[in-house]
Amino acid sequence: MNELRKTYHHDLEQAREELARLAALVAELIPRATAVLLDGDLEGAELIIRGDAEIDARCVDLEEACLRILALQAPVASELRQVVALMKMISEVERSGDLVRNICKAARRIYGHDLDPKLRGVITRMGEQAQQLYSAAIAAFVENDAAKAAALDDMDAYLDALQKQFIQAIFESQSGGHIDLQVAVQLAYVARFYERIGDHAVNIAERVRFIITGWVPDHKKPDRPRFDLDSATPEPVAGAPDPGAS
Amino acid sequence: MRAGLDAVPAGIVLADEHGRPVLRNRAASVGGHSDVLVDEAVQRLLAMAVGGQPAEQRLQLHGPPPRVLQIRGIPLAGGGALAVIDDLSERARLDAVRTDFVANISHELKTPVGALAVLAEALADSDDMEVNRHLALTLVEEAHRASNTIDDLLELSRIELGGPGEREEVSVAGVIGEAVARHRLTADTAGVCLEVTLVGAKMVVGDRLQLVSAVANLVDNAVKYTNPGGGVRVSAVAADGWLEISVADDGVGIPARDLDRVFERFYRVDRARSRDTGGTGLGLAIVRHVATNHGGEVSVRSREGEGSTFTLRIPLQEEQ
């Protein structure tokens, strides 16, 4: 292999590693942001909010590195898919970092308000599930595992169901007089932030499938299965084809 | 050589003269997202070490599982560098236990004594009979609280120093019945339903008093942290030579960050609420010691807002 190709492969590998690191950093920040929210930890909130600027800056650098590879090395086939997918994944990671920051900002806005145990329990579960999705997406990327990546869509259905449960719990807590309207609104945003982090993890996983197999996400696909928390089994949405039907 | 490196508990990464990793043992392998962050730190330190400058970094990861790592980059004489990753998580946990124990014990012992002194002073200065009566009743309450703490401390030290205690065949139904009976009235008053289910086990070898004390502490906690209208379920199941006594409630639950620490002496999940619930902070430490004395263990599963389940697991027969 000549020196030019060696540099090319080294640059490509470096870009992959940097994306994995940035995504891992976001995955690490998700439970920290949950703890900030539950403990009313203003110092922790400040650290995460400030740290987001560093994630943004690293994302810009990584995007430039990908553009350099495209311009100077003109990759083709799987390597072209890799660079194009990396560029898409950078925005997913950057946006996820912003959502983690937003959870901390919400924590500052509701500082001093006590949350009842049910709300705290669902927040904990949403944080755990969002991190699990992100970790699974990273593992699929690092291990080049298309099957693992394909599983994320179904895992996300559980997080979506938790978001609905959380909204229900917010209504109950607010109508029971445990939290005021302003806190309820902030918590509804927080539910949305976790749910969106899960969506970004699914998008990363779709790009991993694209890198490995060339598969392109089907935007016309029927609605995803809905996860029923009460029966703890996925339920097909009415009108969608039943995968179990013969 | 590879097998030898894999047997080392510390993570080891060897880099060439350009700082590129050429060998890593099993403890330094990259898997989950935390490992990606560890690897980033390792590569940064290796790059510094290759330049001839030893470097080290302490990395605290939220996990799960939470980890505290010390990573050192060491320059090698013939070029290249070595990174050593030491897991300090257990040491950090023990440090936290030690530090918090001193703070917690002084809080738990000094608070009632301080309250007694203040109440006695107020009583000495007051001529109003109604106020005096109120102060005297509060004094009695505080004296009982201090007395309960001392009783629990004595019981804990008796269980710790006494070791396994007296071994005899003990009726499982008897142990659970006696423990539940101690808190039946409190549960009824609080509007908490207490249910008992026994499956299989009739007898277990152990110290009856210790076992009753352990189960009673679990039931006491469950009743205290369950809201009126809720339920506490006590069950005993014997299977595969083990007896599992579970106490489940649908109460407030325990935050995930406190789950590993609730069995420590004087550890409080919510110190602000601890005086309302009236416990001494020693109950779960007593349960853990009883479990250990019987060659078993105690564990907890909990979710805030959904409740907690404590499980005491001991062998049915004494180990030979």
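In chain B, strand β10 (residues 242-249) and strand β12 (residues 307-315) run antiparallel and are joined by eight bridges. Helices (H or I, at least four residues) and strands (E, at least two) are taken as DSSP runs and numbered from the N terminus; two strands pair if DSSP finds at least two bridges between them. The structure is a predicted model, in which local features need pLDDT of at least 70 and side-chain atom pairs count only at pLDDT 80 or more, whereas totals for chains, interfaces and linings use all residues. Residues are numbered from 1 along each chain as its sequence is written, and chains are lettered from A and ligands numbered from 1 in the order in which they are written.

A hairpin is formed by β11(B) and β12(B), with three residues between the strands; in its turn, B:G305 has a positive phi of about 85°.

These strands belong to an open sheet of five strands in chain B, in the order β7-β9-β10-β12-β11, with mixed pairing. Strands β7 (193-199) and β11 of chain B lie at the edges, each pairing on one side only. On average, neighbouring strands of the sheet are turned by 15° against each other, direction ignored. Axes are lines fitted to C-alpha atoms, for helices over the stretch in contact, and angles run from 0 to 180 degrees between N-to-C directions. Helix α6 (residues 208-224) of chain B packs on the sheet and touches β9, β10 and β12 of chain B, its direction making about 20° with that of β10(B). Helix α5 (residues 172-190) of chain B lies across β7, β9 (231-239) and β10 of chain B, at about 175° to β7(B).

Between the chains, 18 residues of chain B are in contact with 20 residues of chain A (C-beta atoms, placed from the backbone, within 7 Å). On the chain B side, helix α2 (residues 33-50) gives the most, with five residues. By class, this side has seven nonpolar, six polar and five charged residues. Ala, Val, Leu, Ile, Met, Phe, Trp, Tyr, Cys and Pro count as nonpolar, Asp, Glu, Lys and Arg as charged, and the others, Gly among them, as polar.

Chain A has six helices and two strands, in the order α-α-α-α-α-α-β-β from the N terminus.

Methods
Two residues are in contact if their C-beta atoms, placed from the backbone, lie within 7 Å.
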